[in-house]
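Here are some short notes to read alongside the structure. Please keep it open while going through the points.

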Amino acid sequence: MGARWLILWVGFCLCPPLLALEPQQQRVLAQIEARLEKAPQMLGRFEQKKTLPQLPRPLLSSGVVALSRDQGISWRVQKPIASHRILKAAGTGDDVLARQIAVPLLQIFRGNFSALDGLFHVSAENGDDQWQVKLTPKTEAVGNVIASIEVRGDRDIKQIRLAEANSAVTEMQLLELRAVDESNPQFEAEFSAEATE
Amino acid sequence: MAPKLRFAVWFAVAAAYALAAAVRYQSGWLQTDILTLAGDAERSPVAAAAQQKLNRQLQGSVLWMLVSAQGDGDTLAAATQALAEKLRVSAAITGLEYRWADSTRFENEWTLLFPLRQQLLAGRDRKLLEEQPQQLVERQLAALYGPESAGLDLQRDPFAIFRHYFSSGPQLDAQLYGEIPVQQNGEQLFTLVQSTAAPVALGGRIRTPLLQLRSELQSWARERKLTLLTVGAPLHTEYAAAGAQREIRLIGGLSIAAICVLSLLVFRSLRPLMLSVFAIGCGIGGGIAAVIALLGQMHILAFVFGTTVTGLAIDYAFHFVCNRMRPVHGRDRDILPGLLLGLVSSCLAFFALALTPFPLLQQMGVFVGAGLIAAWLTVVLLFPTLLKLRRRPLALVECLPRLRPSRYFIALALLLVFGATMLPRIEFGDDLQLFYTPPQFLAADEDRLNRLLPSRPESAYFLVRGEDWQQLLAREWILARALRAKRDSGALDDFQALSQRFPPQRVQRADWQLLHDFYGSASVEGFYTRLGYSAEEARALLADLRRPFRQLTLPEWLEVAGRQYSDLWLGCDKGGCASIVRLYGLHQSPLLNESIDGVQLVDPPRAIAAVMSQQRDLLLRLLPLVLVVVSVVVALRTGARRALAIVGLPLAALVGTLGIVVLGGAAINLFHVAALLLVFGIGVDYAVFSQLSGPGERSHTLLAIAMAGVTTLLGFGLLALSATPAIADFGLALAVGTILTLSLATLFFAQAVEGDNR
């Protein structure tokens, strides 16, 4: 599977086709995006559970997440290991798949679901307490990597569930996400050094 | 000599020229690669083959970039599709490539190389394994606990080492809209359409289908709030060809019309002009035949210069024509001594060039020497019979103001002194811009496109040779190591080499050992147990990862390799194997601090400039030799004193021309020097005719000189108006030189009205 993914991914990113959202879905998405707090800088925590089909038990991790409109996403794992990654649309490094999957994730963290219309079928529900957006790939190329992405939230994104085509599932809970000033020392620290891969 | 005998001799000589050429004729006798003029020592067949392969890749290739400033990928992709359709139906375009449809090739390459994953490494991973293998474990743990660890193969490629290897190297960083990759640079999105242009049609009507298509499509793009940028050699070829055609029509048409009118006014007949043109044509034909017979081939530059210099033959023709205009019955012996001395001095000078070991000079020497003989024979053998003119007296010389003889010598001395004072200010300059300066609109497109897409290869590249592909890869690897260091220091943006993707076997073995050791380390076992595998499961997985080394040959890989790599391979022959290493974003040279066996930097523009400089210097140094030969020949006929007076005219004209060109701020190039050679030849003819002119012939001789000078000015001097710097330089130097020569010859007649010069 990895080979096929990479072959389909080498040289380019995911495949947004040319279909547009239906008007009803557009309205719902617009409402959800309006509900979301879209500060240029946000800081919070995360808890993640990753279930890989080859592993006997899920991988649990937690840490600090920082969202920057300009600099991307800082993902600092504090437990069970210490690691730090910064996701950017034009990232560095040799891992094409990991680099390219950052693109839809970045848009999701920014609450910019409309931008993913080219990549995914987007279905959205806007309830009183919570909203939910489900993304399913529109093309085979995307479908070879991602099975679906489900996002829930209210004023902020609360949960992202990324189901990969190889049955791996990553569930991310975003906790205590709040808008911060650009000069917030903790926020600054998250982007002060490039993450190592 | 009886007319029939003259014709017989002429036909016999023409047949001899033709026969000799026919015996030695070979296709491809006219060369266009300027680097062949550098001599064999500096030009290897492999380098020529490499350049031809690169040229083939470039020729016909036109890149269209559609840019959206508003960042709307959907609209841009749709517009790109529409653009491609428009290009597809255009007669100016023969091939198109704009969609992503090459996954089969990647799949084949993956299938071939994946079984070698135990020995293939990306550069960054090799460095990590050599220096900090533990970081590889940490990197992968971070990826696993990160949010985007897509497609991990924990059994066969647990550290994504092969994945990194396979996806390393230059590649598009694009999003795909349908089948169209859309790339981004800052806020701007852009797509690329690679096309092959139909060959530029030369001759006939001036046509610029590609430039017209570009203009129409740019308007179409503007209407959609998009920008269309276009680059490619065919655009420049078409622009240059159209410009040259316009110039030929304008300048050529003007000069031919002016020469015809002049001939009609002066000779009251077109026959002298037709015969003169015929004589020059015979000269050019004779020159070509002699070069083919004696040298086998010639360069187009030697052909152009040679053809031009053979135009000197018009001096003989007009001298003969004017002599026959005299009221007295013309006799050959009145004119033959001057014509013969002019021919012998010029021929010996040019044949002396043929004795040098330099291809351009050899070819020009043989061409012009043999060409002048052919033209001269045409004049003296055919003109007496074919030329019919009404005789009439002339009093041209009598109209000139009478000057003291010293004025002529003062003028010569002044020109010589002026030229000598200018010599220290002389500057030289030869580069490709002499041949062609890109127009602003194409240069602007190229500049903007390069800023958005900075990964276009440089014209310079490394040529690597080896006895076999193993040695070639080993040499490439040494080169790649040096280039990596330069890339890290910022001297180079990037490079592309076969050995980056397919390292030499020694390196593959070393990489295999690195990975073998790594997979046998406790940290890797710990990686698996940390993820929840039992120690036994971990050991089983690791045993499978420590696979034996596998052999794969370069030719086997090349069969499935992508074009970006297979284009670098030049193949093997009896002399060995060769490949190219492409360079991107060259900011500093030299790139190599020390030479590497079998590795050579090829920089075609610089090489061409160097060859032009070399040929210019050679011609400049040989001008004194020409002067000495002419002086000796003339002295043998006229005596030393008169020889000095004769040679003084062309020498003063040449030095004066050089001085004026230098004073005008021009950097002297090969084309100036070729013009100076012609000025010297013209000067010798005018001086010989002037000095050997009898008392009753002076006005007719002056008329012949004036006619020859004015036609030279009209024929070649007008080239000074050309937009091509090389041609303009040639024309300007020739115009200045011809005016000076004409003025000096006129001055000579103004002071030489008394006595017989013969």
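1. Setting aside neighbours within four places in sequence, B:Ala317 is in contact with B:Leu275, B:Ser276, B:Ala279 and B:Val379.

2. B:Ala317 also belongs to the largest nonpolar core, which has 130 residues. Together with B:Ala313, B:Ala375, B:Trp376 and B:Leu744, B:Ala317 touches the most other members of that core. Which helix gives the most to this core? The answer is helix α14 of chain B, residues 359–386, with 17 residues.

3. There is a second, separate core of 73 residues. Its members include A:Leu135 from chain A, and B:Phe106, B:Leu141 and B:Phe159 from chain B.

4. Now take chain B as a whole. It contains 29 helices and 13 strands. Of its 758 residues, 45% are buried. Among its contacts with a separation of 6 or more, 82% are between residues 24 or more positions apart.

5. Chain A calls for a check of confidence. Its average pLDDT is 77, and 77% of its residues score at least 70. Among the elements of chain A, strand β1 (residues 41–51) has the highest mean pLDDT, at 93. The lowest mean, 43, belongs to helix α1 (residues 2–9) of chain A.

6. How many contacts beyond four places in sequence does the model have for residues 1–20 of chain A? It has 72, yet pLDDT stays under 50 over these residues. Where pLDDT is low, predicted coordinates should not be read in detail.

Notes. Residues are numbered from 1 along each chain as its sequence is written. Chains are lettered from A and ligands numbered from 1 in the order in which they are written. This is a predicted model: local features need pLDDT of at least 70, side-chain atom pairs count only at pLDDT 80 or more; totals for chains, interfaces and linings use all residues. Helices (H or I, at least four residues) and strands (E, at least two) are DSSP runs, numbered from the N terminus. A residue is buried if 20 or more other C-beta atoms lie within 10 Å of its own, exposed if 12 or fewer, and partly exposed in between; C-beta atoms are placed from the backbone. Two residues are in contact if their C-beta atoms, placed from the backbone, lie within 7 Å. pLDDT is the predictor's confidence in each residue, from 0 to 100. A nonpolar core is a set of buried Ala, Val, Leu, Ile, Met, Phe, Trp, Tyr and Cys residues joined through C-beta atoms within 7 Å.
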